[in-house]
Amino acid sequence: MAKVIAIANQKGGVGKTTTAVNVAASMAATKRKVLLIDLDPQGNATMGSGVDKYEVESTSYELLIEDKPVSEVIVKDTSGKYDLIAGNGDVTAAEIKLMEMFAREVRLRNALASVRDYYDYIFIDCPPSLNQLTVNAMAAADSVLVPMQCEYYALEGLTALMDTIKKLAAVVNPELKIEGVLRTMYDPRNRLANDVSEQLKRHFGELVYRTVIPRNVRLAEAPSFGAPAMYYDKSSTGAKAYLALAGEILRRRDKTMKKAS
């Protein structure tokens, strides 16, 4: 059964969509079956997957609001070699319409039930705010991957996000866990980044991934070419870092499954 991972941070500009696209592509490169869901009305994960958000026939709006089957909203032909449920401006309307719907928090979870046996991993790119779309993602997910920059305000925001996740878990998904904390846009020459990184490790321990995503021009350029970094420039440090992250996620899952058995 697929592991469903929501990629979330209420703070924008922390590399959330970059992480969603690149970890999905890296996981697909390990021959896993992967689905990426773009729940962000900006549709950046869609464009970064080589899919035109203005031309796409169905989005996560149709899935959440019109009860279209998952099989009818999935885009198969992406540059990252994973399946995609696209997002665009229509998803803003979904946020409003969800407010009027019965069992609105679990619409995504119910919709994904039919395909969880087909995929190995389902990644959800959440909007950078706590709204009904994010709540749906949290209700559907097994865990939350939190990308963050190593700067002072990010540390403050992370504590608030962890509290939010705990509260949401209590209400909509008691099984929800933190998958891991990912340090993004990391510059080892920056003293503050190193200080915050150490504080993170002290406070969150093993939840902090060993893999660090560096500041990398290729990672920033890749979306404008509609491709994940590994297909834009596989030798770049950014592409290699996300492949390493995929490996770390797989090893953690293996370890957890061994303990459970």
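Me: What covers the buried residues of α8?

Reply: The cover over the buried residues of α8 includes α6 (107-112), α7 (132-140), β6 (143-149), β7 (177-186) and α9 (191-204), where contact means heavy atoms within 4.5 Å. Helices (H or I, at least four residues) and strands (E, at least two) are DSSP runs numbered from the N terminus. This is a predicted model, in which local features need pLDDT of at least 70 and side-chain atom pairs count only at pLDDT 80 or more, while totals for chains, interfaces and linings use all residues. Residues are numbered from 1 along each chain as its sequence is written, and side-chain values use heavy atoms, with hydrogens and water left out.

Me: Which residues of α8 are called buried?

Reply: In α8 the buried residues are Ala154, Leu155, Leu158, Leu161, Met162, Thr164, Ile165, Leu168, Ala169 and Val172; the word stands for under 20% relative accessible area, with exposed for over 50% and partly exposed in between (1.4 Å probe, protein chains only).

Me: How do you know that the span of α8 agrees with its 21 residues?

Reply: The expected span of a helix is 1.5 Å times one less than its number of residues. For the 21 residues of α8 this gives 30 Å, and the end C-alpha atoms are 30 Å apart, so the two values agree.

Me: What makes a set of residues a nonpolar core, and which residues have the most contacts inside the largest one?

Reply: Such a core is a set of buried Ala, Val, Leu, Ile, Met, Phe, Trp, Tyr and Cys residues joined through side-chain atoms within 4.5 Å. The largest has 55 residues, and Ile37, Leu108, Ile124 and Leu200 have the most contacts inside it. Helix α8 (residues 152-172) gives the largest share of this core, nine residues. A second, separate core of 34 residues includes Ala24, Val75, Ala229 and Leu245. In soluble globular proteins, nonpolar side chains tend to be buried together.

Me: Why is the pair of Tyr118 and Tyr119 given its name?

Reply: Rings of Phe, Tyr and Trp (its six-membered ring) pair if their centres lie within 6.5 Å, and planes under 30 degrees apart count as stacked, over 60 as edge-to-face and the rest as tilted. By this rule there are three aromatic pairs. The centres of the Tyr118 and Tyr119 rings are 4.8 Å apart and the planes stand at 90°, so this pair is edge-to-face. Tyr121 and Phe123 form a stacked pair, with 5.9 Å from centre to centre and 5° between the planes.

Me: Is Tyr119 buried or exposed, and what is Tyr118 called?

Reply: Tyr119 has a relative accessibility of 3%, and therefore counts as buried, whereas Tyr118, with a relative accessible area of 43%, is partly exposed.

Me: What makes a charge count as sitting over a ring?

Reply: The rule asks that NZ of Lys or CZ of Arg be within 6 Å of the ring centre and within 35 degrees of the ring normal. The charged end of Lys81 sits over the ring of Tyr231, 4.6 Å from its centre, and that of Arg253 sits over the ring of Tyr121, 4.9 Å from its centre.

Me: Why is Lys255 called exposed?

Reply: Lys255, found in helix α12 (residues 237-260), has a relative accessibility of 51%, and so it counts as exposed.
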